[in-house]
Amino acid sequence: YKVSKKESVISLVDGGVAAGKVTLGAGHLNTVVLSGGGTTTLTAANSGAVCVFDNTAASNFTLPQPELGMYFTFISAVTAAADHVIQAPTNDHGFLGGVTFTQLTSTAADQCDSFIAATDGNNDFITLNGSTTGGVAGCVIHCHAILGTGAAKSWVVHGSLIGTGNTITPFGDSQL
């Protein structure tokens, strides 16, 4: 079988070849969602998206009801002048995991820290304030759904935060 440069071929597990137009489904699109300085409610169709805090004003991303396998990446493209928030969709169906934190204005070892969400999954908010809880341009947080909508501890998080003040936890039961 000869393939011209204009054709694509997909090899199937059973050794067959897919020909013609092939549509792959059942996956989530990788998209970019900009905060725009307001409240953005994410949906299941946004899973896989890179969510960008692109405005220094207060911004809030609310996660959708979790479905196993869903994931989001949050990036600070600008330094927050007001709170940038990642919020779980339902009270007490929050976060597990943690973040590492580096203070931008110091290279001393004692200016690095790490914080974990409450082990009971009750922390429903991650607040980045541009200073003590992170939110400087370059911060990255990954959220992965590990349980369905009926369970606490629904989202595992990990990431790297950058701040400019004495570090405190960005995790809370309400917006910090």
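# Core, rings and an open sheet

User: What share of the 176 residues counts as buried?

Analyst: Of the protein's 176 residues, 38% are buried. Buried means under 20% relative accessible area, exposed over 50%, partly exposed in between, with a 1.4 Å probe and protein chains only. This is a predicted model: local features need pLDDT of at least 70, side-chain atom pairs count only at pLDDT 80 or more, and totals for chains, interfaces and linings use all residues. Residues are numbered from 1 along each chain as its sequence is written, and side-chain values use heavy atoms, leaving out hydrogens and water.

User: How many helices and strands?

Analyst: The protein has 0 helices and 14 strands. Both are DSSP runs numbered from the N terminus: helices are H or I with at least four residues, strands are E with at least two.

User: Which residues have the most contacts inside the largest nonpolar core?

Analyst: F72, F74, I86, F95 and I141, in a core of 27 residues. Such a core is a set of buried Ala, Val, Leu, Ile, Met, Phe, Trp, Tyr and Cys residues joined through side-chain atoms within 4.5 Å. Strands that each supply at least two of its residues include β7 (71-76), β9 (95-103) and β13 (155-163).

User: What does F74 touch?

Analyst: Leaving aside residues up to four places away in sequence, F74 touches L42, C51, F53, F61, L63, I86, C139, V140, I141 and C143. A contact means heavy atoms within 4.5 Å.

User: Switching to rings. How many aromatic pairs?

Analyst: The count is 5 aromatic pairs. Rings of Phe, Tyr and Trp (its six-membered ring) pair if their centres lie within 6.5 Å; planes under 30 degrees apart are stacked, over 60 edge-to-face, the rest tilted. F53 and F61 make an edge-to-face pair, 5.1 Å centre to centre with 70° between the planes. Ring pairs link F53, F61, F72, F74 and W155 into a cluster.

User: Is F53 buried or exposed? And F61, buried or exposed?

Analyst: F53 is buried, because its relative accessible area is 1%. F61 is buried too, at 0%.

User: New topic. What is the strand order in the open sheet of 5 strands?

Analyst: The order is β4-β6-β8-β11-β14, with mixed pairing. Two strands pair if DSSP finds at least two bridges between them. β4 (39-41) and β14 (171-172) are the edge strands, each pairing on one side only.

User: How many bridges join β11 to β14?

Analyst: There are 2 bridges, and the two strands run antiparallel. F125 has G172 in β14 as its bridge partner.
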